[in-house]
Structure formats: structure tokens, C-alpha cells
Amino acid sequence: LAQLEESISTYRPNAIFMDIIFNDNRDAGTQLITSMRETEELNCPIIYMSARDDIQARLNAVRSGGIAFLCKTFNLGDLKNILDLIV
């Protein structure tokens with residue numbers, strides 16, 4: 001997560017593909033993105049992926065400005081279709 005924050009300060013990505021769970025925190029990914037969006041550090045599309053597939057994970061992803069949510073069992077065709085729509 002710290003590397004993402006550092007990278008964003010020097011490079012503006014077209015999109016971010018982000019997990020939700022980091023270091024035993026079930027919501028660390030969405031919390032970081034929410035924080036970065038509040039300070040306007042980040043304005044690119046966010047695609048979330050997670051081993052979690054519960055309603056709270058999906059709500060947190062939407063509330064943080066995520067445009068898509070994929071379970072970790074997704075196929076690459078799903079990711080490609082999402083990327084084709086946003087870039």
C-alpha cells in the first residue's frame with residue numbers, strides 16, 4: 001500500500017487493479033483508495049479484486065469509487081472487457 005501511495009505521487013495511472021485485503025486488514029485496499037480520493041490524489045478508475053465476495057466488500061468498493069469488482073476466481077476475459085470499457 002505504501003508503494004502505491006509513493007507511485008501515485010510521481011506517476012498518474014490510467015487505471016488501478018487493486019486487492020482489498022492487505023496485512024490481515026479485510027478492508028485496507030478500499031480504505032486507502034477512499035482516503036486518496038478524499039485528498040484528490042487519485043482520480044483514475046479502480047478495479048477491485050478480492051477473495052471476499054460479501055456484500056460489505058462490494059459496498060466498500062462502490063463507496064470508494066470503484067468501477068468494477070471481481071472475485072479472485074475471475075477469468076482474464078472479464079478483466080479485459082472491463083479494461084476495454086475504461087481505457
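Modeller: A nonpolar core is a set of buried Ala, Val, Leu, Ile, Met, Phe, Trp, Tyr and Cys residues joined through side-chain atoms within 4.5 Å. Buried means under 20% relative accessible area, exposed means over 50%, and partly exposed lies in between (1.4 Å probe, protein chains only). The structure above is a predicted model, in which local features need pLDDT of at least 70, side-chain atom pairs count only at pLDDT 80 or more, and totals for chains, interfaces and linings use all residues. Residues are numbered from 1 along each chain as its sequence is written, and side-chain values use heavy atoms, with hydrogens and water left out.

Colleague: Which elements make up the protein, and in what order do they run from the N terminus?

Modeller: Helices (H or I, at least four residues) and strands (E, at least two) are DSSP runs, numbered from the N terminus. Here there are four helices and three strands, and their order is α-β-α-β-α-β-α. The C-alpha atoms fill a box of roughly 30 × 30 × 20 Å along the principal axes. Buried residues make up 38% of the 87 residues.

Colleague: Which residues of the largest nonpolar core touch the most other members?

Modeller: In soluble globular proteins, nonpolar side chains tend to be buried together. In this model the largest core has 16 residues, and Ile 16, Met 18, Leu 42, Ile 46 and Tyr 48 touch the most other members. At least two core residues come from each of helix 1 (2-10), strand 1, helix 2, strand 2, helix 3 (55-63) and strand 3 (66-71). Helix 2 gives the largest share, three residues. Another core, of five residues, lies apart from this one; its members include Ile 47, Ala 68, Leu 70 and Ile 82.

Colleague: What is Met 18 in contact with, beyond its neighbours within four places in sequence?

Modeller: Contact means heavy atoms within 4.5 Å. The partners of Met 18 include Leu 1, Leu 4, Leu 32, Ile 33, Ile 46 and Tyr 48. Across the protein, residues 24 or more positions apart account for 49% of the contacts with a separation of 6 or more.

Colleague: How many aromatic pairs are there?

Modeller: Rings of Phe, Tyr and Trp (its six-membered ring) pair if their centres lie within 6.5 Å; planes under 30 degrees apart are stacked, over 60 edge-to-face, and the rest tilted. The count is one aromatic pair. Phe 17 and Phe 74 are edge-to-face, with 5.7 Å centre to centre and 85° between the planes. Phe 17 is in strand 1 and Phe 74 in the loop between strand 3 and helix 4 (76-86), so the pair ties together parts 57 residues apart in sequence. Phe 17 is partly exposed at 36% relative accessible area, and Phe 74 is partly exposed at 22%.

Colleague: Where do Asn 23 and Asp 24 lie, and what is the phi of each?

Modeller: Most residues other than glycine have a negative phi. Asn 23 has a positive phi, near 50°, and Asp 24 has a positive phi of about 65°. Asn 23 is in the loop between strand 1 (16-19) and helix 2, and Asp 24 lies in the loop between strand 1 and helix 2. Asn 23 is exposed at 77%, and Asp 24 is exposed at 82%.

Colleague: Is Asn 43 buried or exposed?

Modeller: Asn 43 counts as exposed because its relative accessibility is 71%. Its place is the loop between helix 2 (28-38) and strand 2 (46-50). Its C-alpha atom is 9.1 Å from that of Pro 13, 30 residues apart along the chain.
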